[in-house]
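Please keep the sequence and the structure in view while reading.

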Amino acid sequence: MAAGDSFYIATPIFYVNDVPHIGHAYTEVAADVLARWHRQSGDDTWLLTGTDEHGQKILRTAVANDTTPQAWADKLVEEAWLPLLETIDIANDDFIRTTDERHESAVTIFLQKLYDDGFIYSGEYEGYYCVGCEEYKQLDDLLETEVGDYAGQLVCKIHTRPVEILKERNYFFRMSDFQQRLLDLYETRPDFIQPESVRNEIIQFVNSGLQDLSISRSSFDWGIKLPWDDSHVLYVWFDALLNYITAIGYGTDDDNFRRRWPANQLVGKDIARFHAVIWPAMLMAAGLEVPRRVFGHGWLLVGGEKMSKSKLTGIAPSQITDTFGVDAFRYYFMSAINFGQDGSFSWEDLAARYQAELANGFGNLASRVIAMVNKYFDGAVPSPAEYSEADLTVQRVVREAAESADAAMERFAIHTAIEGIWTIVDELNGYITLQEPWVLAKSEDTLERLGTVLYTAAEGLRALAVLLSPVIPAATHKLWSALGAASELGHLTDQVIVDAGHWGQLPPASRVHAIEALFPRIDAAEVVA
Ligand code: MSP
């Protein structure tokens with residue numbers, strides 16, 4: 001991408017029937033890391049997230065809790081979903097709720113257009129519906145259980161709860177008209193759906209034939225009323241998908257809409273079909289551009305199953321951040337799991353990586369280098385003298401890591417980007433062991449060499465702070481101040497990421513400050529087993 005280009009990234013909007021767990025936080029962190037990376041690359045970046053508040057699922061939860069759906073949604077947003085963004089340090093630019101007036105009015109404009117242009121008709125729906133998924137189901141999406149509470153009933157494969165049978169007069173969207181156009185889109189833009197596994201599944205699904213989609217319900221009223229028939233409310237997914245354009249000014253602020261759209265859509269693979277089939281078909285019908293890409297990431301598994309509250313495997317993000325801190329949460333999920341594939345969560349793996357990679361690998365490196373600059377040069381970063389082969393190798397590793405990380409982030413391969421950046425941590429640790437600055441410090445004759453070694457290490461830390469700041473913002477911020485870089489080079493987040501690998505930016509004579517451990521040792525007893 002050229003600096004200044006629009007980079008608009010959106011997470012799915014989350015159901016407010018329950019509080020967030022680490023699966024939701026996973027999507028948020030990934031989107032935030034990508035947004036911070038692009039913001040620091042000088043792109044015109046916008047990160048949108050929000051909540052999905054209409055539909056039967058929320059309505060039923062509210063009724064079960066003796067309240068109204070609006071009051072329930074308000075409470076969950078205030079007490080759970082907005083605080084989540086603080087807990088995991090998300091720098092979102094906007095937060096949309098489907099009950100926002102700005103959303104509802106723009107949805108109405110969109111619907112009326114589709115209706116006027118003949119893409120919507122009235123018909124009879126008869127079939128299955130899963131309220132957990134808020135989705136119309138086909139027989140092959142269902143299982144017939146033989147044992148347990150639901151013996152003899154058809155249950156949804158995802159929720160393992162019985163589906164409902166609907167027979168209603170509804171309005172339909174002519175989705176079948178778009179089958180060929182969608183297949184052409186997948187063909188001509190092979191990176192429209194990523195990763196490959198999700199792309200193949202979607203192509204197979206669309207190839208097997210598309211049916212028109214029922215987009216309204218009349219048996220309850222918690223939703224956006226259809227502008228031409230107020231006895232129907234809009235199907236919750238049709239409503240929710242539109243958030244990506246209503247939030248940036250569709251129908252109300254054309255300039256902003258043109259500036260931002262199209263979006264990069266980050267979703268869990270469970271909802272890739274909605275985003276890669278229904279959503280582009282809706283946009284095509286309205287004469288709008290389809291998203292830039294739809295990336296379906298993998299699931300966090302606990303005990304081999306997709307983690308979910310309804311299956312009681314949900315873990316609250318604060319259970320992790322309270323013990324390990326926010327940065328560790330972000331680093332762990334972004335580096336330990338290949339983005340795009342499923343990944344198993346375990347406390348043991350988290351604790352082991354925290355200790356080995358963050359505390360011993362990175363944190364310790366930072367503390368040691370700063371302590372040596374303090375001890376041997378009274379806290380002023382020394383000037384480098386002539387560079388040796390080993391110093392030049394460090395410079396090359398830094399340059400290559402910065403380049404490879406940028407290329408990986410461009411592909412949303414977040415784990416690969418971090419792996420690339422981590423070669424700097426490993427290189428610097430090995431460099432210090434071999435150069436033995438504590439030995440060089442023993443003689444006046446090697447003082448100049450000591451200066452070069454510590455400059456090399458400090459400048460390597462400067463590059464690390466810049467490259468890791470989208471992933472671990474708090475720790476890199478502390479490191480940046482400790483290096484004296486804040487007063488010399490300005491804010492960490494103003495450092496241009498593509499320049500991070502250019503050697504020699506930390507000015508000699510910068511004043512370093514002692515830092516507390518960036519990743520303090522954690523008592524094993526504190527780790528929830
Ligand atoms: N409201 C819909 C999305 C509408 S978007 C127009 C929805 N909401 S949800 O609350 O169920 O959240 C779904 C998203 O949360 C998933 O797509 C995924 O991004 C994330 N995850 C939920 N559980 C997850 C895991 N166990 N693992 C990884 N991500 C998970 O669907």
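How many nonpolar, polar and charged residues does the lining of the second largest pocket have?

## The second largest pocket

In this predicted model, the lining of the second largest pocket has 10 nonpolar residues, together with 2 polar and 2 charged ones. The pocket has a volume of about 180 Å³, and of the 14 residues that line it, Phe324, Gly325, Lys478, Leu518 and Phe519 are the closest to its centre. Two or more lining residues come from each of the elements α11 (317–324), α12 (326–336) and α18 (473–482).

Because domain 1 (8–119 + 179–209 + 235–344) and domain 2 (347–526) both give residues to this lining, the second largest pocket lies between them.

## The shell around the ligand

There are 23 residues around the ligand, of which Ile13, Thr27, Asp52, Leu300 and Met307 come nearest. By class, this shell divides into 12 nonpolar, 8 polar and 3 charged residues. At least two shell residues are supplied by each of β1 (6–15), α1 (22–39) and α7 (236–241), and β1 gives the most, with 4 residues.

## Polar contacts and cover of the ligand

A nitrogen atom of the ligand lies 3.0 Å from a backbone N or O atom of methionine 307.

Definitions and conventions: Residues are numbered from 1 along each chain as its sequence is written. This is a predicted model: local features need pLDDT of at least 70, side-chain atom pairs count only at pLDDT 80 or more; totals for chains, interfaces and linings use all residues. Side-chain values use heavy atoms; hydrogens and water are left out. A residue is near a molecule or strand if one of its heavy atoms lies within 4 Å of it. A polar contact is a pair of N or O atoms within 3.5 Å; within protein, one must be able to donate a hydrogen and the other to accept it, and residues adjacent in sequence count only if both atoms are side-chain atoms. Ala, Val, Leu, Ile, Met, Phe, Trp, Tyr, Cys and Pro count as nonpolar, Asp, Glu, Lys and Arg as charged, and the others, Gly among them, as polar. On a 1 Å grid over the protein atoms alone, a cavity is a set of points where a 1.4 Å probe fits but cannot get out, and a pocket is an open set with protein on both sides within 12 Å along at least five of seven lines; lining residues have an atom within 4 Å of a point. Grid points are joined across faces, edges and corners, and a volume is the space filled by probe spheres set on the points. Domain bounds come from an automatic or database domain assignment.
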